[in-house]
Every structure is written in C-alpha cells, then in structure tokens.
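The points are numbered and can be read alongside the model.

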Amino acid sequence: MPTWGAALALLLAALALLGLLASRLRCPGRRAVGAGTLPEARGQDHKEEMEGGDLADQFSDRREPLPGGCHLICKPSALAQYLVRAFRRSAALETDPRPWLSGPHLQTLCHFVLPVGSGPELAREYLQLADDGLVALDWVVGPCSRSRRVTNAGGLPAVLLVIPNAWGRLTRNVLGLCLLALERGYYPVIFHRRGHHGCPLVSPRLQPFGDPSDLKEAVTYIRFRHPAAPLFAVSEGSGSALLLSYLGECGSSSYVTGAACISPVLRCREWFEAGLPWAYEWGFLLQQKIALSRYTTALEDTVDMGKLFRSRSLRELEETLFCHTKSFPISWDTYWDHNDPLRDVDETAVPVLCICSADDPVCGPPDHTLPTELFHSNPYFFLLLSRHGGHCGFLRQEPLSAWSHEVILEYFQALTEFFRVEERMKGLSRRQASFLGGRRRWGSLQKREVSPSSNLEIFSWKRSYTR
C-alpha cells in the first residue's frame with residue numbers, strides 16, 4: 001500500500017475511535033448512532049427492539065420479514081413477491097456477525113481501512129470522451145476458477161458494472177465483490193471517474209457528484225463490446241448518486257437490466273449540509289485533499305486551490321470545486337438542481353435494490369436519511385434493511401467477507417429468472433390468443449387476461465436494454 005494510503009488508513013482508524021469515545025463522553029445518557037460496540041449499548045438496543053418491535057416499524061406495514069432480522073420494504077408487486085421468496089431461501093442472510101464484529105464503526109473501518117491484498121487481475125482500458133477527457137475501465141480477468149458458473153441460459157456471461165464511492169477509493173469490499181462475481185460467471189468491470197485511481201486528468205474538469213454524462217458514454221462502449229450480454233450495475237456508498245442519476249436520466253432507454261446500491265447516500269444535499277461525524281468527515285476530507293493535490297497545476301486556472309486545501313468540511317470542498325469556479329460560478333441550489341440523484345427518479349425503469357443498515361454511522365439513522373416514500377410508492381425500488389452492517393460493511397463471521405455480495409448476486413439471478421418466466425408467459429398468452437382468435441365460439445374468451453399473480457398490483461415491466 002502506498003505511504004499516503006497507509007497514513008490515511010491509520011488516521012481514519014484513530015479518528016473514528018476518538019470520535020466514538022468523544023460521543024459517549026459528551027452524551028452519556030443518549031445512545032449515539034453506532035454505539036452498539038459497547039456491551040451496555042447492545043443490551044439497550046436489544047431492549048428497545050423487544051419493547052418497540054422490529055426496526056422496520058417506522059416504515060409502515062409494507063415490509064416483509066427476512067432471515068437474520070432483515071426486512072424488505074417495497075411496494076407490493078409480482079416481482080416483490082418473487083424477491084421475497086428468493087431472499088427467504090438465501091443462506092447469506094441467515095448468519096449474524098459475531099458480537100465483537102457487530103459494532104457499526106468496526107464494520108465500517110474494516111471496509112475502508114483494511115488493506116486490499118492481492119486482489120483480482122485487472123486489465124485497464126482508457127476511454128476518451130466527447131470532450132477529450134478520459135475515464136478508466138478495469139476489466140476483471142482473473143484469477144479464473146475451474147468451478148466458474150454461467151449466469152444465463154444463453155451461455156454469454158453477464159457484464160457487472162461496478163461503481164466505487166465518489167472519493168475514488170477502491171475498497172477491499174469492491175474487489176471482493178468482483179472476485180465473487182467472476183467466480184459466479186459474471187464479467188466484472190470497474191468504472192473510474194476522471195482523475196480517480198490512476199486515471200489521468202487530461203482536461204481541467206472533474207466529474208460532479210451526480211453528473212452521469214461520463215457514465216453514459218462508458219455504458220455505451222460496454223454495450224458496444226458486449227452487445228448480447230445482459231448488463232447489471234452495482235454502486236458503493238456515495239457512488240450510488242452517479243448510478244441513480246444515470247438510471248433516472250436514461251429511463252427505459254438504459255442498457256441496464258438490474259441495479260443494486262450498497263449503503264447509498266440518497267438525500268445527498270442534506271447529507272453534505274448536515275455533515276458527518278467529525279472523525280469520518282475529516283478522514284474523507286483528508287483523502288480528497290490528498291487525491292486532488294496531484295492536480296494542483298491542472299486545476300489552478302479554474303479552481304481556487306488555496307481555498308480548496310483550506311476547506312474544513314466536505315460541503316466547503318464540494319462548493320469550492322464545482323460551484324465557486326473561476327470560469328462558470330453557480331449557486332449551491334443550482335448545483336443540486338443538476339446533481340441530485342433523485343431528480344429524475346420517477347423515470348427509472350429498471351429494478352433497483354438498496355442494501356442499508358440501521359446503524360450506518362456515515363449516512364445516519366434510516367428514519368432521517370432514507371426517503372421511505374420512494375420505496376412505498378415506486379415499484380422499481382426495493383429496500384433491504386438490516387440491523388447491523390455499518391457503512392458498506394455487512395461483515396459476517398470469519399473470514400471477513402460481506403454477505404451483501406452474495407445477496408446482490410442472488411438478487412440479479414432472481415431478476416433473470418423472473419424476466420425469463422414473464423417472457424414465457426407472454427409468449428404463451430400470444431399463442432393462446434392466436435389459437436382462440438380462429439374460433440368464433442371462443443371469441444369472448446379473448447377479452448380475458450390471465451395473470452399468475454392476479455391478487456397483486458401489476459404494472460407493466462419494460463426491459464431496459466435495447467433488443
């Protein structure tokens with residue numbers, strides 16, 4: 001690991017530990033978010049769960065209990081019922097983390113701080129964009145397992161597009177997901193923004209928080225390379241803003257079959273304005289400054305780099321980088337009008353699974369940070385809410401692997417099976433209608449529409465990829 005990376009990892013660990021201790025000293029009678037790492041807090045949590053019901057009570061009655069104390073919160077539909085059955089058979093949800101591993105800060109720090117290790121074998125491609133900028137695509141090419149499966153009946157491996165967090169850090173969980181997906185027969189590819197993870201910054205422009213224009217070009221290129229393969233997408237943490245913006249802007253013309261977001265930041269503007277717990281705020285802020293210091297000369301004509309390096313919060317850094325520019329300054333309100341990931345959420349036309357934890361120390365309590373009305377009213381959005389997991393952690397028993405990886409791949413498999421059954425039923429209905437159309441005495445039967453799930457609310461599914 002590079003020297004700066006090791007120093008940042010140690011600093012994040014120390015700051016998070018100090019932040020936890022400070023929050024306990026300041027508010028001894030108040031249970032802070034993520035205080036489950038202490039025995040008395042765990043006992044209090046258990047008491048609250050027993051007295052106040054399960055953690056999804058605040059999200060109304062439209063929830064389905066799952067193994068491991070998880071809940072699926074969504075609008076009733078045929079697909080929702082199919083996913084509930086699939087998740088209830090999932091072995092990944094049945095195992096709870098060991099008591100010493102259930103603390104949210106430990107789960108989060110293991111995700112961000114532990115070294116990546118050897119990781120997968122990557123083959124990098126640079127994609128030149130319409131404005132001559134560059135983004136990077138890291139194709140996961142190994143190591144290949146002899147037990148590698150095929151994800152669809154057609155024999156072509158599905159492509160899995162992975163979008164890391166908005167800070168550009170490639171975490172061990174992202175690489176772990178890629179390795180597991182490769183073993184399960186997927187072809188993973190990691191998308192890196194301009195200037196992130198060794199991608200050269202050839203123009204004085206970085207990608208705003210929720211601007212999907214670069215991702216659109218990358219997805220078009222991936223589709224060109226693999227025109228017949230299904231495309232799934234996964235995003236991590238703050239990187240979910242980019243994926244959700246893309247799905248909203250493209251709507252039914254998106255090439256994506258299904259998507260999943262791990263610990264997404266959904267109310268992004270409020271998240272920036274409220275600030276993170278100071279340990280995480282300063283850790284992420286330091287990481288951003290270290291990464292941007294490489295491009296001081298390239299950005300100094302458009303950005304006040306002195307003010308940027310004096311930033312004392314993530315909001316101040318974001319404003320300096322994208323709002324208070326020398327060439328085209330805009331207001332904070334205007335910036336979020338164009339970058340809010342939920343601005344076009346009603347146009348989303350593919351299923352999206354959001355995996356969140358009730359003890360997320362970075363996003364905050366779910367009743368304040370999750371737009372529950374979205375999952376109650378939009379049939380394309382599904383919320384899998386767990387009791388423990390921290391931010392992007394979701395670790396289980398040793399070895400330290402994330403159960404969210406298994407659940408996401410099971411979710412994609414369930415989507416594939418659901419759409420296959422749906423197409424078979426549509427084909428059967430067309431053949432039946434054609435047969436009945438030739439018989440006048442059965443003409444009245446043509447007006448009937450047979451549905452395998454007539455007791456559920458049905459909506460028209462539109463496959464997002466182009467045939």
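1. Gln288 is buried in this predicted model, with a relative accessible area of 8%; buried means under 20%, exposed over 50% and partly exposed in between, using a 1.4 Å probe and protein chains only. Gln288 belongs to helix H9. Leaving aside residues up to four places away in sequence, Gln288 touches Trp167 and Leu317, where a contact means heavy atoms within 4.5 Å.

2. The model is predicted, so local features need pLDDT of at least 70 and side-chain atom pairs count only at pLDDT 80 or more, while totals for chains, interfaces and linings use all residues. Residues are numbered from 1 along each chain as its sequence is written, and side-chain values use heavy atoms, with hydrogens and water left out.

3. How is helix H12 (residues 314–323) placed in the rest of the structure? Of its 10 residues, 8 are buried, so H12 is largely enclosed by the rest of the structure. The buried residues of H12 are Leu314, Leu317, Glu318, Glu319, Thr320, Leu321, Phe322 and Cys323. Their cover includes helix H8 (268–274), helix H9 (278–292), helix H11 (305–309) and helix H13 (332–339).

4. The protein chain has 16 helices and 10 strands; these are DSSP runs numbered from the N terminus, helices being H or I with at least four residues and strands E with at least two. An open sheet of 10 strands has the order E1-E2-E10-E9-E8-E7-E5-E6-E4-E3, with mixed pairing; two strands pair if DSSP finds at least two bridges between them. Strand E1 (63–65) and strand E3 (121–128) are the edge strands, each pairing on one side only. On average, neighbouring strands of the sheet are turned by 20 degrees against each other, direction ignored.

5. Within the sheet, strand E8 (residues 258–262) and strand E9 (residues 352–357) run parallel and are joined by 4 bridges. Cys261 stands opposite Cys354 in E9.

6. Two helices that lie across strands deserve a look. Helix H3 (residues 78–88) lies across E1, strand E2 (71–73), E9 and strand E10 (381–386), at about 170 degrees to E2. Helix H7 (residues 240–250) lies across strand E5 (159–163), strand E6 (187–192), strand E7 (231–236), E8, E9 and E10, at about 155 degrees to E8. Axes are lines fitted to C-alpha atoms, for helices over the stretch in contact, and angles run from 0 to 180 degrees between N-to-C directions.

7. How many disulfides does the structure hold? The count is 0, a disulfide being a pair of cysteine sulfur atoms within 2.5 Å. For Cys392, the closest cysteine sulfur is in Cys363, 7.3 Å away, which is too far for a bond. Cys392 is buried at 3% relative accessibility, and Cys74 is buried at 6%.

8. Of the 467 residues of the protein chain, 55% count as buried. Among contacts with a separation of 6 or more, 75% are between residues 24 or more positions apart.

9. The protein chain averages a pLDDT of 80, and 73% of the residues score at least 70; pLDDT is the predictor's confidence in each residue, from 0 to 100. Residues 1–60 have pLDDT below 50, and this stretch has 83 contacts in the model beyond near neighbours in sequence. Over residues 439–467 pLDDT stays under 50, with 53 contacts beyond four places in sequence. Where pLDDT is low, the predicted coordinates should not be read in detail.
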